[in-house]
Amino acid sequence: MKTILTTGSNGLLGQKITEKVLAEGRVKLVATSRGFNRYPVSHGYEYAELDILDVAQVRSVIERYQPDAIIHTAAMTNVDTAEASKESCYELNVSAVQTLLSLCEEKNIQLIHLSTDFVFDGANGPYKEEDAVNPVSYYGESKVLAEELLRKSTANWAILRTILVYGITNDMSRSNIVLWAKGALEKGLPINVVNDQWRMPTLAEDLAEACLLAVEKNAQGIYHVSGKDYMSIADLVRKVADYWSLDKSIISEISSDSLNQTAKRPVNTGFVLDKTIRDLDYKPHSFEEGLKMVDEQMKSRK
């Protein structure tokens, strides 16, 4: 049985990987993140505090546990923060990847690296893995720089690009679009939603499964991982309202330009999933199925 080490295990994806491993026992898990362990179950796997910017600590943890694979989920993912704090973004999204890559090369460890649809400019989506990247934000640029490090590496690597991940777990450090929309609409708060950006939202459980499949099948190269439904952000929010029978009249559609966001967003991303479905046996849920899973998890927490 392989041993995997996850970075960013306190995040949504990290916790979903822990949840899957504990439920299915397919691999041995070492979960790592900054600070204390937020996952509510502490047995059945190892947890180690890890600051991925601390090179000596990264080496020490990897040498202690000797994983067969690392799933690297830790990153700066807030697009506007990345634009405003480019140096910090570079350290987290590029320098930390180089640290992990060097150790993976040295110790023959597979690296599964999480990337994003924001490597594309959004002019010609949905995208295939081999389509040319052209980021329109510094966040996207940092992820392209990290991808280039992997491409040039002699390590055994796979890049999983994903889109707009949603879901719910314990003690979440940040929200996501589904929870934000549901929460605002339940409170009767009028919300503005862009109608000129299109995405394929990804259920966190699906992305966690893809990460484990990439380890189990020794995946190499780039894979696109998302949900299978393509929609505008405005349609996404309306679907959330419909599922939970919330008032859609307080949803206002606006253009991206009217938001005056710090960073530019690609207009039309989305992925062609054929390669991932074929090579990894990936089976994405529909958005409706994803909302049902989130709903069931919310009810089980009450």
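Is Cys 211 buried or exposed, and at what relative accessibility? At 0% relative accessibility, Cys 211 counts as buried, where buried denotes under 20% relative accessible area, exposed over 50% and partly exposed the range in between (1.4 Å probe, protein chains only). The structure is a predicted model, in which local features need pLDDT of at least 70 and side-chain atom pairs count only at pLDDT 80 or more, whereas totals for chains, interfaces and linings use all residues. Residues are numbered from 1 along each chain as its sequence is written, and side-chain values use heavy atoms, with hydrogens and water left out.

The cysteines were examined for disulfides, a disulfide being a pair of cysteine sulfur atoms within 2.5 Å. A search of the whole structure returned zero disulfides. For Cys 211, the closest cysteine sulfur belongs to Cys 104 and lies 14 Å away, which is too far for a bond. The sulfur of Cys 89 is likewise too far for a bond, because its closest cysteine sulfur, in Cys 211, is at 20 Å; Cys 89 is itself buried, with a relative accessible area of 0%.

Aromatic contacts were considered next. Rings of Phe, Tyr and Trp (its six-membered ring) were taken to pair if their centres lie within 6.5 Å, with planes under 30 degrees apart counted as stacked, over 60 as edge-to-face and the rest as tilted. By this rule the count is five aromatic pairs. One of them joins Phe 118 and Tyr 139, whose ring centres are 6.0 Å apart and whose planes stand at 70 degrees, so that the pair is edge-to-face. This pair links distant parts of the chain, since Phe 118 belongs to the loop between β5 (110-116) and α5 (138-152) and Tyr 139 to helix α5, 21 residues apart; helices (H or I, at least four residues) and strands (E, at least two) are DSSP runs numbered from the N terminus. Both partners are buried, Phe 118 with a relative accessible area of 10% and Tyr 139 at 8% relative accessibility. Tyr 166 and Phe 287 form an aromatic pair that is also edge-to-face, with 5.3 Å from centre to centre and 75 degrees between the planes. Because Tyr 166 lies in strand β7 (residues 165-166) and Phe 287 in helix α10 (residues 287-301), this pair ties together parts that are 121 residues apart in sequence. Tyr 166 is buried, with a relative accessible area of 1%, and Phe 287 counts as buried at 4% relative accessibility.

Aromatic rings also receive charged side chains, a charge being said to sit over a ring if NZ of Lys or CZ of Arg is within 6 Å of the ring centre and within 35 degrees of the ring normal. The charged end of Lys 182 is placed over the ring of Trp 244, 5.2 Å from its centre, while Lys 275 lies over the face of Tyr 223, at 4.4 Å from the ring centre.

Val 267, in the loop between β13 (251-254) and α9 (274-280), is partly exposed, with a relative accessible area of 40%. Val 133 occupies the loop between β5 and α5 and is partly exposed at 31%; its C-alpha atom is separated by 33 Å from that of Ile 251, 118 residues apart along the chain. Gly 44, in the loop between β2 (28-33) and β3 (46-49), is exposed, with a relative accessible area of 65%.
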